[in-house]
Amino acid sequence: MPSSFYRAICTIFDDTQIIKIIKLAFPALVEFFLQSVVQYVDLFMVGKLGVNATAVVGLGSQVQFLVKFPIVGMSIGVLSSIAMAKGRGEEEKIWLMSGQALRFSMIVGIFFWLLSFVVGIVSPSVFHLDPELVNDFYFYYFISYSTTIFFSVSSVYGSVLKGVGDMTTPMVINGAVNILNIILNSVFIYKLSWGVKGAAAGTAISVAAGGVWMLLATMRNSETKIRKKDIRKNSQVQGQFYKIGLPAGFAYVSSGVGRTIFTSLISNLDPISVVAHYISMTVESIFYIPAVGIQRGVATLSGFYYGGSRKRELKRMLIDGSILTFLIMTVMGVSLYAFGGDIAAYFTDSSDVVKVSNDVLKIISFSEPIFGISIIFQAVLEGMGTTKETFLLSSFTMWLCRVAICSFVVYILHGDLKMIWYCMIADNVLRAILMYERLKFKYLKST
């Protein structure tokens with residue numbers, strides 16, 4: 001029976017593609033897992049300080065969709081460009097791009113660091129934060145986002161390394177940085193009694209360390225070494241970075257603004273629902289880690305294959321990656337349904353919050369496989385540099401489902417948190433359908 005099952009699985013998958021996907025995806029999976037663990041630990045540590053501290057840190061974390069996540073989106077321009085150059089075997093071009101990435105990371109980092117001041121000032125009023133908590137929020141926010149430039153360097157040069165297929169180095173660096181963050185939080189929050197300010201300081205210092213370390217690691221890699229002559233401005237390479245990166249960055253901005261409005265809508269609900277929403281989002285994040293790991297591996301492979309005009313391998317990789325993701329995320333969805341409420345209970349002493357969290361986590365668990373598929377489709381498009389499509393499609397589904405329909409649910413129907421999470425499911429399902437259609441009819445039809 002086991003051998004029959006194994007043969008059946010082998011008939012579904014192409015062994016070569018699966019090995020390639022897993023080889024690239026596993027380090028990315030571990031990296032994202034460690035990031036999620038830190039988020040859990042942060043929430044646990046701050047949660048012990050009380051509901052007010054949780055609200056301040058929760059809002060600060062939500063704002064990263066507007067400041068830090070667009071930097072990650074812009075970095076896709078670097079990853080895609082280098083991956084396609086790798087697929088064409090252009091070693092000199094990769095070195096040139098690696099040098100140009102320094103200029104790119106600094107410009108992007110400075111821009112979003114300045115933007116963070118504007119976002120931070122308006123956030124308390126947009127999110128209806130209790131006036132008594134505004135000063136604590138400002139302290140937390142401006143300290144934690146003070147090293148945004150270093151975050152940009154880390155994100156861009158992590159993409160440089162991933163673009164040549166080195167997923168292990170970013171995993172090690174980000175993993176060590178996250179452990180550093182936990183250690184600093186323990187010292188600052190508890191031993192020095194700095195409270196939420198300590199959480200912010202720990203984040204800022206660890207992010208700065210990560211940026212420096214990632215840059216040094218790139219310089220030591222023979223495939224991505226930074227030569228002095230390659231740092232001078234090259235308009236062609238910079239133009240390619242921005243051509244691919246800007247739509248991806250705008251996609252994160254659009255998504256961030258949509259999420260901001262979405263979170264603002266939730267803030268109109270009762271306090272229990274607001275806290276339950278943040279805790280539930282944190283709990284869910286641990287269950288889609290496998291999909292994110294596969295997503296990052298698939299993005300690099302799609303760049304290799306598309307850059308080298310190997311469209312049949314691209315199609316095979318897409319099929320195998322999608323099936324693998326669907327199977328894994330089905331298991332994760334079942335696990336979320338069964339244990340999500342128990343995990344939520346670790347982050348709060350309120351039985352009412354746990355009950356609401358358990359209810360919405362059971363709802364979202366059914367869409368986990370579809371969510372996984374949607375981000376795989378998006379990764380393939382981004383790896384090929386076709387980020388305009390991902391920007392338009394993801395923005396459309398976000399603003400339709402999480403903003404327009406959710407506004408109707410909150411203000412007209414006076415719905416509860418469960419109804420709002422159904423809007424999230426609609427966003428995931430619609431995005432998966434639209435991105436599949438885009439891939440099928442534009443890029444894979446003739447292969």
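Colleague: Is E90 buried or exposed, or does E90 count as partly exposed?

Modeller: This is a predicted model, in which local features need pLDDT of at least 70, side-chain atom pairs count only at pLDDT 80 or more, and totals for chains, interfaces and linings use all residues. Residues are numbered from 1 along each chain as its sequence is written, and side-chain values use heavy atoms, with hydrogens and water left out. Buried means under 20% relative accessible area, exposed over 50%, and partly exposed in between (1.4 Å probe, protein chains only). The relative accessibility of E90 is 28%, so E90 is partly exposed.

Colleague: How many residues apart in sequence are the parts tied together by K86 and E223?

Modeller: The side chains of K86 and E223 meet in a salt bridge at 2.5 Å, N to O. Helices (H or I, at least four residues) are DSSP runs, numbered from the N terminus. Because K86 lies in helix 4 (residues 69-87) and E223 in the loop between helix 9 (196-220) and helix 10 (235-266), the pair ties together parts whose separation in sequence is 137 residues.

Colleague: Where does the salt-bridge partner of K418 lie?

Modeller: K418 forms a salt bridge with D359, with 3.8 Å between the closest N and O atoms. The pair ties together parts that are 59 residues apart in sequence, because K418 lies in helix 17 (residues 417-443) and D359 in helix 14.

Colleague: What kind of aromatic pair do Y337 and F366 form?

Modeller: Rings of Phe, Tyr and Trp (its six-membered ring) pair if their centres lie within 6.5 Å; planes under 30 degrees apart count as stacked, over 60 as edge-to-face and the rest as tilted. For Y337 and F366 the centres are 5.7 Å apart and the planes 75 degrees apart, so the pair is edge-to-face.

Colleague: Which ring has K197 over its face?

Modeller: A charge sits over a ring if NZ of Lys or CZ of Arg is within 6 Å of the ring centre and within 35 degrees of the ring normal. K197 lies at 4.8 Å from the ring centre, over the face of F139.

Terms used
Salt bridge = Lys/Arg side-chain N within 4 Å of Asp/Glu carboxyl O. Helix = DSSP H or I, 4+ residues; strand = E, 2+ residues; numbered from the N terminus.
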